[in-house]
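Q: Please take one part of this model and walk me through it closely. Then set it beside a few other places in the chain.

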Amino acid sequence: MSAPSRRELVRHLKDKGLSERRALRIAGMSPSSLRYHPATDRNTALKEQIIALAQRHRRYGAGMIYLKLRQAGMQVNHKRVDRLYAEAGLQVRRRKRKKIPVTDRHPLERPLAANQVWSMDFVFDRTAEGRVIKNLTVVDDATHEAVAIVPQRAIGGMQLTSILEQLATTRGLPKAIRTDNGKEFCSRAMLTWAHARGVQLFLIEPGKPNQNAYIESFNGRFRDECLNEHWFTSLRHAQVVIEAWRREYNDERPKKALGGLTPAAYAKSLTEKSGKLPLDSKALCY
């Protein structure tokens, strides 16, 4: 039986005419417990001030609340503020939203010439020992060619720009690159490189992969026809197999979306058509 319940029982027995000593013996309670009155909480006023400050400044933590109290002339210990702040459940939640470069959103339109817009993304797999393979996939939106598939253990912003520089020597660079908001694509190295090379960066809206549908479709074929069909014993093994599949995809695999042509054959037909366009044609503009 709790102390408040015992007190009620003692009061009830006293009302029935029993002496206090007899009532205490029946309730199993000591006289000091009966006469005990809890001390008032001396932190009540301080806690109310802390809560008021936290509601006014929603992103202030316990440290800032302590400084605001000191600023107001209160002599209070920071440990006491920390304890009362935690008891009130006022911890500031960390915002998980990442900062991405400000850019205009562009609708998904298919260019009419190669090297106008590329799409990029990452596809992950593992080697036999369980280590991660991070595959950078690059697709030309106009021709559907797999411009590059680069398997590495890790690819950061600097390595990404090095890969693009290598592609520039063999294929040239596009006018724009469409990506999601991954940290590699939004890195300072990538933004600096794109500005220096005159390449626009088209970033899709967070949570809307359909705005990057060309690379998403390619990634599905890549995983189904290559990654899920092979068991890679090492990174080097993966690089050889994936590059062989990329060449087959471009040169031998027909696509319904391209009228039954392979991406390489379709790219060739686009080149031939672009040579016959009138001077005022806008087919090469995007």
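A: Gln211 lies in the loop between β5 (200–203) and α9. Helices here are DSSP runs of H or I, at least four residues; strands are runs of E, at least two; both are numbered from the N terminus. The model is predicted, so local features need pLDDT of at least 70 and side-chain atom pairs count only at pLDDT 80 or more, while totals for chains, interfaces and linings use all residues. Residues are numbered from 1 along each chain as its sequence is written, and side-chain values use heavy atoms, with hydrogens and water left out.

Start with Gln211. Its relative accessibility is 19%, so Gln211 counts as buried. Buried means under 20% relative accessible area, exposed over 50%, and partly exposed in between, with a 1.4 Å probe and protein chains only. A polar atom of the Gln211 side chain lies 2.9 Å from the backbone nitrogen of Glu205. A polar contact is a pair of N or O atoms within 3.5 Å; within protein, one must be able to donate a hydrogen and the other to accept it, and residues adjacent in sequence count only if both atoms are side-chain atoms.

Now Asn181. It is found in the loop between β4 (176–179) and α8 (188–197). Asn181 is buried, at a relative accessible area of 8%. A polar atom of its side chain lies 2.9 Å from the backbone oxygen of Ile204.

Asn181 and Ile204 also belong to the lining of the second largest pocket. Of its 14 lining residues, Asp180, Asn181, Ile204, Pro209 and Glu216 lie nearest the centre. Two or more lining residues come from each of β1 (117–126) and α9 (213–225). The pocket holds about 150 Å³ of space. A pocket is an open set of points on a 1 Å grid over the protein atoms alone, where a 1.4 Å probe fits, with protein on both sides within 12 Å along at least five of seven lines; lining residues have an atom within 4 Å of a point. Points are joined across faces, edges and corners, and the volume is the space filled by probe spheres set on them. The lining divides into 4 nonpolar, 4 polar and 6 charged residues. Ala, Val, Leu, Ile, Met, Phe, Trp, Tyr, Cys and Pro count as nonpolar, Asp, Glu, Lys and Arg as charged, and the others, Gly among them, as polar.

Next, helix α7 (residues 157–170). Its buried residues are Gly157, Leu160, Thr161, Ile163, Leu164, Leu167 and Ala168. They fall within an arc of 155° seen down the axis, so they line one face of α7. The arc is that of the directions from the helix axis to the C-beta atoms. On the other side of α7, Met158, Gln166, Thr169 and Thr170 are exposed. An α-helix has 3.6 residues a turn, so residues three or four places apart point the same way.

Helix α10 (residues 235–251) has 17 residues and should span 24 Å at 1.5 Å a residue; its end C-alpha atoms are 24 Å apart, which agrees. The expected span is 1.5 Å times one less than the number of residues. Among the buried residues of α10 are Trp245, Arg246 and Tyr249.

Last, two backbone spots. Phi of His144 is near 65°, a positive value in a residue other than glycine. His144 sits in the loop between β2 (132–140) and β3 (146–152) and is buried at 9%. Asn115 also has a positive phi, near 60°.
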